[in-house]
Amino acid sequence: MKIIVCGAGQLGRSVVSYLVKGNNDITVIDDDAYALDEISKEFDILPVQGKPSYPDVLEKAGAKDCDMILAVTDVDEVNMIICLLAYTLFEIPKKIASIKSKTFIDPLWGMLYNDNHLPIDLLISPDIDIATNILKILQYPGCAGILPVWNDAYYVMTLNIKENCPLLGVPLSQIGRQADLDIGFINIIRHDISFLPDMYESLQVNDEVNILVKADEVYNTIAAFGLEKPANERLVIFGGNEIAEFIGDQIELDDSIVSCRLIEEDIDKARKLARNLNHVVVIHGEMMSDVILKEADISHADAVIALTDNDKDNLLASLLASKNGVGTTISVINTPSYNNLMFNITDNILVDRSALAISRVLKEIRKAKIKEAYSVAREMGEIWEIDVEEDSTYCDKKTGELSLPKTCRIFALLRGETLIYADPTTKLERGDSLLIYVDSAAVKQAEKIFC
């Protein structure tokens, strides 16, 4: 697939880091020569310098033979113009735009985005996705990640197994009965290697496990694995960007939050946030200063969220918070390699910007007939949600007859309102909704089966 990415900033780099793993021909356009140089050193892409909203620059980048264009610059209006040119002048089939402004993504103006007005096929709002993900993690203290599936009826939960877990050494086949839970095990990451466990496998300390659980059983599941933590009532936020403002907006509507303090070094950003947020205390000053940390009362915080644009600052802030006794620390990262670097140092929860950004566009770049797709397991795999239709080649077949790669598994399906954990004898029927785990290395093989 020939893809043009407009914008070599943080979001563009995040998207490119995932797209290069597939068999894609990627061109990146940016007016910043330094940013282009940096991204071309790291990834196998064709750099084109120039303003991506200029028709001649798009033409130079090969827009005439392009299959998809992603407009991910830092300016919403530029992204909209790029998609308009892509449709009007070059007839590019798929047009995706990143939008930051809450005004532009308000459902009230949804009629704007069609071929007669602004021809954008898919709007993505990574900052809002990140904020929503963080708020979900805060809602369930003790889990390291949570992903709603099947219209929020079920969650894929990420749990980091600790020494006090009462289910250590128990075969996975017996955990549900012993803990009185209806859960399904998807994959385990052990020593930075992801694998699909069989039912004779048992949990070990420091395992990172992804499980499927019904939405109303999340708290019971966290308790059963010995991961309960106090409610996150007192928050401290490092960084005053769009993510922070969205979190602040939502916190002001949440009666369970007792206090929230936000630290921002830029005086203009701090003043803007102070004007817009009524119940969040905005503190201007150096984030790592002992005086500022004391003013933020970090030693009494239940949770710290570090979401500056600098990965190292976020990791350091979370580390300082952990040393001050904060029970839940969350860091937004732009570089996926930090996932492995920090995993065994603290209980810090890492929110990967690139994984959340790419999840929005996965179903557009995969050849399989996917209803929803998500990047999971530290980008080691994907979860696909696929509906079985009457003309599907796998309809009326047993899962064991599909010749799935060993690192790919249909782990569950919904038949009506009934949840079924699939095994090789499970017959797929019209109307079933499948949840499939696909290892990153098995994507091409899986696409052929579910095309």
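Colleague: What volume does the largest pocket have, and how is a pocket found?

Modeller: Rolling a probe the size of a water molecule over the atoms shows where empty space is left. A pocket is an open set of points on a 1 Å grid over the protein atoms alone, where a 1.4 Å probe fits, with protein on both sides within 12 Å along at least five of seven lines; lining residues have an atom within 4 Å of a point. Grid points are joined across faces, edges and corners, and the volume is the space filled by probe spheres set on the points. Here the largest pocket has a volume of about 1200 Å³. Of its 44 lining residues, Asn133, Ile146, Leu147, Leu356 and Ser375 are the closest to the centre.

This is a predicted model: local features need pLDDT of at least 70 and side-chain atom pairs count only at pLDDT 80 or more, while totals for chains, interfaces and linings use all residues. Residues are numbered from 1 along each chain as its sequence is written, and side-chain values use heavy atoms, with hydrogens and water left out.

Colleague: Which element gives the largest share of that lining?

Modeller: Helices (H or I, at least four residues) and strands (E, at least two) are DSSP runs, numbered from the N terminus. H5 contributes the largest share to the lining of the largest pocket, 6 residues.

Colleague: Which residues lie closest to the centre of the second largest pocket?

Modeller: They are Asp74, Val75, Lys100, Asp127 and Glu242, out of 40 lining residues. The space in the second largest pocket is about 860 Å³, and H8 gives the most to its lining, with 5 residues.

Colleague: Is Asn187 buried or exposed?

Modeller: Buried means under 20% relative accessible area, exposed over 50%, partly exposed in between (1.4 Å probe, protein chains only). Asn187, in strand E9 (residues 183-190), has 0% relative accessibility, so it counts as buried.

Colleague: Which side chains make polar contacts with the side chain of Asn187?

Modeller: A polar contact is a pair of N or O atoms within 3.5 Å; within protein, one must be able to donate a hydrogen and the other to accept it, and residues adjacent in sequence count only if both atoms are side-chain atoms. The Asn187 side chain has such contacts with the side chains of Ser194, at 3.0 Å, and Asn210, at 2.9 Å.

Colleague: How many aromatic pairs are there?

Modeller: Rings of Phe, Tyr and Trp (its six-membered ring) pair if their centres lie within 6.5 Å; planes under 30 degrees apart count as stacked, over 60 as edge-to-face and the rest as tilted. The structure holds 4. One of them, Tyr140 with Tyr155, is edge-to-face, at 6.0 Å centre to centre and 65° between the planes.
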